[in-house]
Amino acid sequence: MTCRCAARSSIWRAEHAGLMGRLTLQVLEISLAQCRDWRAAGLHLVVAVNLSASNLQDTTLPGHVADALSRYGVPPAALHLEVTEEILMRDAARATAVLAELRAMGVRLAVDDYGTGYSSLAYLHALPVDDLKLDRAFVTHCDSDPRSAAIVKSTVELAHNLGMRMIAEGVESEAALDRLREWGCDLVQGYHLSRPQPADRFTAWLGERYPRRGAEAEIALH
């Protein structure tokens, strides 16, 4: 929890110093360069990058993304962009316009940390997004806490009824993973699968765990 809070504090300082937009574009460049290298090696992986509030207020962002995809030779479908509910609510109209343009390019979009913001249902039906990432606060104990289980199950159903995928964050046990499979959750992430790793170490880990070349996966770079 300390590390998570420290990371959020650093993001807040970067945002208020006017640096977050440029930092995000640098992360995008690094992510697409790594995605290009993986694909050249026969690993058809997807990378996910978090967008900041500054990015969603920048109408030139779709152009930057299109240019970067072209330069690195990465198809739009191999890039996923994630936004939080809090960021979306700051200027929903402009954010929706930027997201719609990105989605029209073929980039997949996700609402990150779903369930921790406000007015989720009020805007969810209108947002041009493809995935809901349910926050770890509801997922971690979904195998033992009836209320958490009810929230997770209903969110899976909600996502599917809206034509979206459900991604569960914070999966830290086999028991939780089994329950998520049972409820039809589409994708999961968490320490039970792997802790964050440098790209070279992850590539070796992936080769050991999934020796068949060309296996598809989604990798989140934050």
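These are my notebook entries on a predicted model of one protein chain.

**Entry 1: overall picture**

I began with the chain as a whole. Its secondary structure comes to eleven helices and seven strands. Of the 222 residues, 41% count as buried. I then looked up the accessible surface, which is about 11700 Å², with 55% of it belonging to carbon and sulfur atoms. For contacts between residues at least 6 apart in sequence, I noted that 68% join residues at least 24 apart.

**Entry 2: salt bridges**

I found 13 salt bridges in the structure. I looked up three of them.

K133 and E82 meet through their side chains at 3.0 Å, N to O. This pair links distant parts of the chain, with K133 in strand β4 (residues 131-134) and E82 in strand β2 (residues 79-84), 51 residues apart. Are the two partners buried or exposed? K133 is buried, at 1% relative accessible area. E82 is buried too, at 5%. I also noted a network of salt bridges that links E82, D112, K133 and E169.

D130 bridges to R103, and their closest N and O atoms are 2.9 Å apart. D130 sits in the loop between α7 (120-124) and β4, while R103 is in helix α6 (residues 92-104), 27 residues away. D130 counts as buried at 10% relative accessibility. R103 is partly exposed at 37%.

R181 and D178 form a salt bridge at 3.2 Å, N to O. They are three residues apart in helix α10 (residues 174-183), so about one helical turn separates them. R181 is exposed, with a relative accessible area of 54%. D178 is partly exposed at 38%.

**Entry 3: aromatic rings**

I counted two aromatic pairs. How are the rings of W38 and F202 arranged? Their centres are 5.7 Å apart and their planes meet at 65 degrees; an angle over 60 counts as edge-to-face, so this pair is edge-to-face. W38 belongs to helix α2 (residues 20-40) and F202 to helix α11 (residues 199-209), and the pair links distant parts of the chain, 164 residues apart. W38 is buried at 4% relative accessible area. F202 is buried at 11%.

R195 lies over the face of Y191, 3.9 Å from the ring centre.

**Entry 4: a backbone angle**

Which phi does D113 have? I read a positive value of about 55 degrees, although D113 is not a glycine. D113 lies in strand β3 (residues 108-114). Its relative accessibility is 9%, under the 20% cut-off, so D113 counts as buried.

Definitions and conventions: Residues numbered from 1 in each chain as written. Predicted model: local features only at pLDDT ≥ 70, side-chain atom pairs only at ≥ 80, totals over all residues. Heavy atoms only, no water. Phe/Tyr/Trp six-rings, centres within 6.5 Å; stacked < 30°, edge-to-face > 60°. Helix = DSSP H or I, 4+ residues; strand = E, 2+ residues; numbered from the N terminus. Buried < 20%, exposed > 50% of the residue type's maximum accessible area, 1.4 Å probe, protein only. Lys NZ or Arg CZ within 6 Å of the ring centre and 35° of its normal. Contact = heavy atoms within 4.5 Å. Areas by Shrake-Rupley, 256 points an atom, 1.4 Å probe, with all protein chains shown as cover. Salt bridge = Lys/Arg side-chain N within 4 Å of Asp/Glu carboxyl O.
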